[in-house]
Amino acid sequence: MKFVQLLICLVFIALLIWMRQISGVEAAYGGLSWTGWLSILLALAALGLIVVVNDSSRAFGFFSTWDKQAAPQVAVRTLSDLELADLGTLKYRGPKYPHPVIFPERCIGCQACVDACPHDVLAIVDGVASAVAPDLCMEDTACQAECPVNPKACIVINTTKAVVSRPSPTRDGASYQTNVPGCYIIGDVSGVPLIKNAVKEGAEVIAHIAAELKTASAEPKADYDVAIIGIGPGGASAAATAHNLRLRYIGIEQDRTLSTIELYPKGKYIFFKPDTKDWFGGIPATGLGLSKAKYGASGAGADESIFGNELALEFEKVAREQSVPLQEELIPKIPGALRGELAPLLAEKIEKELISSIAGFLRSKGSGDWMNLYTKHFVSDRDNILSRFRAAIADQLQTKIPGDQRENILGVWLSGLAENGVKINEYESCKTIARADDGDYFVIGTERILEKSQQTYKARRVVIAIGLRGAPNKLRLPNEDLKFRINGNEESKVLYSLTNPADYRGRRIVVVGGGNVAVEAAVDLVSTRSGAEISPRSPKEMNDVTLLVRDFLAPTVKFGNKFQLYQCADDGILNLRFGVAIKEMRENELVLQDVETGRDLETIPNDYVFALIGGERPDRFLQSIGITIT
Ligand SMILES: Cc1cc2nc3c(=O)[nH]c(=O)nc-3n(C[C@H](O)[C@H](O)[C@H](O)COP(=O)(O)OP(=O)(O)OC[C@H]3O[C@@H](n4cnc5c(N)ncnc54)[C@H](O)[C@@H]3O)c2cc1C
Ligand code: SF4
Ligand code: SF4
């Protein structure tokens, strides 16, 4: 009992005794007169009122402070009017709970959101992401954080959670220089994973370095002006620009030039986003985007029939004549090896664009008597108008390419680099980069993978363009670079990625790894996918596949992947073995061992080993150079 309550009780007892004393003449009810009872009731009511008012004001005070301090108001993320317009709707009719919304027009189908989602909410459908199981969303917003396009193509709505972005290396936004003077970083590894961005940064960083070296004092100890580490789109653009500017450069690539793009699925349409930025960089886009399906070669001029036959023939005549100077300007920019194939497509595209431009011009002047409008507005100022159209079309065909197929892009860029004489040291991995103590240069340590030899280069500046994939982890077998003969060709026995599962048929394959990549690869080598469903390959296409998992499947393996893996194992088309590793590798067989006891288990026949056991994060490499990650 509180002291106040005890005091109140004592006061009441005293009141009762006093009432009894003073009420001698009146009739008593239970020891008190009616005035006594009335007084007590009134006193009690007054006291109760005081207590209620006091407690309520305390409670209100507490909750208002608590609201302010403990639960700051966070707005629920919904779609803005602009975003709704982008989705082509006035009102979003999806579920009310948190889930991702995909903007198909912005999506480049890079799969980053699908890989980031631990709950299988997203999948790639018809080349773009799609929320296939929104009800499974746990609103951690990783999908939105990983989406590389700007504005985001994946937005988590009906959530109050903040989007936590990935840490990225410290660098100056204008020069791309890191906190290590003379060391620059570009492309994916800097935090914006888009091809157009990487290519632009590659050219800009070299222009900056060239200008800076002009004013720097000479460094006789250095053999190169710049070392470019990693030759994806960013590094290729940097190397080509360095070559054009006649800098002494060395390009170092641990795999093959543009291997990131080579690793995309066959036939993938690559988008050059964002559409708001023009193409700029050392590897040109001229000659790309000419395929009819994606780049409107068939669409332009489609409704020109409204102008009548006579005018349509006139349009074609003008377009044929005007396309000549444009062809002369643009065709030489296509690599020689592909000119025969691409020049006719480019000519066709130019003519259609010219016809479309003239038709658009006439429509802007009125309608009805087209021949009269043509004579009055077009013929009278023909040369000026056509020169404007030619400039706009030349600009469009060089800088506003929406994208193209993987194969076309690789063809144009690889032949372009080779024909211009851009030299790259392929299959050479950069292991160390350190600033020299005795001058203004860097010492770069590399390993030539095929020869297994160490190299050292001295370069005044370093451009790091190593992307985000990192170097693949090795199995650490003594003869990991073993080659074997298959169908008369010599091939590497251990592979570190699976680009096209359809390339493998009737092979004896061991996949090593316990993450999503290994599980998906093992499943793809024995089955075919149709949406989220899999079905066993036909006997002719089937491989004999064993998945070796050292201990357990990684906790990050998605439910859908696990389900398909066990489905294949249950169907008897995939051999799944836990706690087993490769002990010894021979040309056509493997010795397996128990991981825990080291005991030999058996020798199995084998063609290929896919080591899909992750990679070394680029962060560690960057930190070893002294670059800070924030
Ligand atoms: C499936 C998929 C689809 C995509 N689709 C698109 C798309 O449609 N449009 C788009 O704009 N972007 C797309 N992207 C993203 C795009 O691939 C990247 O933005 C782009 O490749 C970045 O180029 P980069 O030069 O910065 O890095 P990367 O292309 O990753 O190149 C880095 C290079 O460095 C090499 N390297 C790494 N470490 C070392 C080392 N220590 N020594 C030597 N070499 C090293 C690597 O082998 C690699 O070749 C997609 C990505 C994926 C995975
Ligand atoms: S990553 Fe997170 S927020 Fe995005 S879909 Fe998956 S569960 Fe939802
Ligand atoms: S991360 Fe963005 S761009 Fe890539 S697939 Fe997902 S939604 Fe599309």
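Helices (H or I, at least four residues) and strands (E, at least two) are DSSP runs, numbered from the N terminus. With that in hand, welcome to this predicted model, in which local features need pLDDT of at least 70 and side-chain atom pairs count only at pLDDT 80 or more, while totals for chains, interfaces and linings use all residues. Residues are numbered from 1 along each chain as its sequence is written, and chains are lettered from A and ligands numbered from 1 in the order in which they are written.

**Ligand surroundings**

- Around ligand 1 there are 34 residues (a residue is near if its C-beta atom, placed from the backbone, lies within 6 Å), and the closest are Gly 187, Gly 230, Gly 232, Gly 234 and Gly 467.
- Helices H6 (195-215), H7 (233-244) and H8 (259-262), with strands S8 (269-271) and S10 (428-435), each give at least two residues to the shell around ligand 1.
- That shell has 17 nonpolar, 11 polar and six charged residues; here Ala, Val, Leu, Ile, Met, Phe, Trp, Tyr, Cys and Pro count as nonpolar, Asp, Glu, Lys and Arg as charged, and the others, Gly among them, as polar.
- Ligand 2 is surrounded by 14 residues, with Cys 117, Val 121, Cys 137, Asp 140 and Cys 143 the closest.
- Ligand 3 is surrounded by 14 residues, and its closest are Cys 107, Cys 110, Cys 113, Cys 147 and Cys 154.

- Strands S17 (508-512) and S25 (608-611) are joined by four bridges, and Val 511 has Phe 610 of S25 as its bridge partner.

**A hairpin**

- Strands S22 (580-585) and S23 (589-594) run antiparallel and share five bridges.
- Three residues make the hairpin link from S22 to S23, and Ile 582 is bridged to Leu 592 in S23.

**Domains**

- The domain assignment (bounds come from an automatic or database assignment) lists domain 1 (3-69), domain 2 (81-157), domain 3 (286-400) and domain 4 (474-613).
- Between the C-alpha centres of domain 3 and domain 4 there are 53 Å.

Methods:
Pairing = 2+ DSSP bridges.
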